[in-house]
Amino acid sequence: MRFIFRRFVGGISTLLVSSIVVFVMVRFIPGDPITARLTDGGLSPEAQAALRSLYGVDQPLIQQYWSWLTSILHGNLGLSLTTQTPVVDELLVRIPRTFYLALVGILTALAISVPIAITAARYSGGRLDSLLTSASGVLIAVPNFVIGIILIVVFSVQVELFPVAGYVDPSADPAGFALGMVLPALTIGLPASAVIIRVLRSSLLDELRRDYVRTAEARGNSRLRAITRHTLRNASLPTVTIVGLQVGQLLGGALVVETLFSYPGVGLLLLNSITQRDYPTVQACLLFLAFAFVFVNLLTDVLYAALNPKLKVG
């Protein structure tokens, strides 16, 4: 409990610093909500000043930040300057969609990376190992939006196997939801799997050199059985940390994938809000992403401690 409490306090401190950084960064966007909505210049300077006063963007930054922070502590994320609806209502609709995308993406990455890492470690030094590690290096180097474009061209335009873009509610049409998630999940899962392959393979090779593995093989266990039964749990410890970081990056990188596939999640909402200078929505989206990253890292620390009994967490 002391270990979890320390991590929790550290997470709260991180969120507080993140809120300050988010607030300041949003204010560095050129223009303001008023000028972003003026397309014909029909409002007089007096009317524009009145609107700025109404939205509170004419107040000092410290006062704006304090008002925003106290509102958050009361569960109020403000009103969208574009739709005049509560930001929290829009987030509650978008968050599950981004969560689905990140979850399916990391499950795809694990489904690809774990068998490949085990195979590469089993045939370490051979041609198959070289081929697999080289392929993972290529996936690390290629940006995910390039992978997404290639997948769209091949499997949506030419083969017409999966939809190009959009979102289907899983409760209304599970099959349509599954088909629509394939390409976005591969777009974010393939680069993540490449990183996991490298880390897990290296950890497996370190464990395979230990005495307990040689003892297991001397007792008649095959190399594959020694990996899956004896070394995989120990080798998964550094992999857990990498997976936690990858989940955070998937949430943060959702903006690119959601924009590419017109996926109506938090990332796409964030992009649209930035172009419209919708300060409350931008701040809420960025704060949610920071919270998700901190929360995932807290879970990663707890899981790491649970998997490693020798770790002193007192």
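The dialogue below takes up several features in turn.

Guide: A word on conventions comes first. This is a predicted model, in which local features need pLDDT of at least 70 and side-chain atom pairs count only at pLDDT 80 or more, while totals for chains, interfaces and linings use all residues. Residues are numbered from 1 along each chain as its sequence is written, and side-chain values use heavy atoms, with hydrogens and water left out.

Visitor: How is a pair of aromatic rings described?

Guide: Such a pair is described by the distance of the centres and the angle of the planes. Rings of Phe, Tyr and Trp (its six-membered ring) pair if their centres lie within 6.5 Å; planes under 30 degrees apart count as stacked, over 60 as edge-to-face and the rest as tilted. A search of the whole structure finds seven aromatic pairs. One of them joins Tyr 100 and Phe 177, edge-to-face, at 5.6 Å centre to centre with 75° between the planes.

Visitor: Where in the chain do Tyr 100 and Phe 177 lie?

Guide: Tyr 100 is in helix H5 (residues 87–122) and Phe 177 in helix H8 (residues 174–208), so the pair links distant parts of the chain, 77 residues apart. Helices here are DSSP runs (H or I, at least four residues; strands are E, at least two), numbered from the N terminus.

Visitor: Which angle do the planes of Tyr 167 and Phe 177 make?

Guide: Their planes stand at 85° and their centres are 6.3 Å apart, so this pair is edge-to-face. Tyr 167 lies in the loop between helix H7 (144–158) and H8, and Phe 177 in helix H8, so the pair ties together parts that are 10 residues apart in sequence. Tyr 167 counts as partly exposed because its relative accessibility is 22%. Ring pairs link Tyr 100, Tyr 167 and Phe 177 with Phe 99 and Tyr 263 into a cluster.

Visitor: What is a nonpolar core?

Guide: A nonpolar core is a set of buried Ala, Val, Leu, Ile, Met, Phe, Trp, Tyr and Cys residues joined through side-chain atoms within 4.5 Å. The largest one in this model has 46 residues, and those with the most contacts inside it include Val 26, Trp 68, Leu 101 and Cys 285. Among the elements that give two or more residues to this core are H1, helix H4 (61–73), helix H10 (223–252) and helix H13 (279–307). H13 gives the most, with nine residues. Another core lies apart from it and has 11 residues, among them Ala 117, Ile 118, Val 213 and Ala 235.

Visitor: What does Trp 68 touch?

Guide: Contact means heavy atoms within 4.5 Å. Leaving aside residues up to four places away in sequence, Trp 68 touches Ser 19, Phe 23, Gln 283 and Leu 287. With the same exclusion, Val 22 touches Gln 283 and Leu 286. Val 22 has its place in helix H1 and is buried, with a relative accessible area of 8%. The C-alpha atoms of Val 22 and Leu 286 are separated by 6.6 Å, although these residues are 264 residues apart along the chain.

Visitor: How many salt bridges are there?

Guide: Side chains of opposite charge can pair when their charged atoms come close. A salt bridge is a side-chain nitrogen of Lys or Arg within 4 Å of a carboxyl oxygen of Asp or Glu. By this rule the count comes to four. In one of them, Glu 90 and Arg 94 meet at 2.8 Å, N to O. Both residues, Glu 90 and Arg 94, lie in helix H5, four residues apart, about one turn of the helix. Glu 90 is partly exposed at 30%, while Arg 94 counts as buried at 12% relative accessibility.

Visitor: Which residue forms a salt bridge with Arg 209?

Guide: The partner is Asp 206, with the closest N and O atoms 3.1 Å apart. Arg 209 is exposed, with a relative accessible area of 54%, and Asp 206 is partly exposed, with 42%.

Terms used: Buried means under 20% relative accessible area, exposed over 50%, partly exposed in between (1.4 Å probe, protein chains only).
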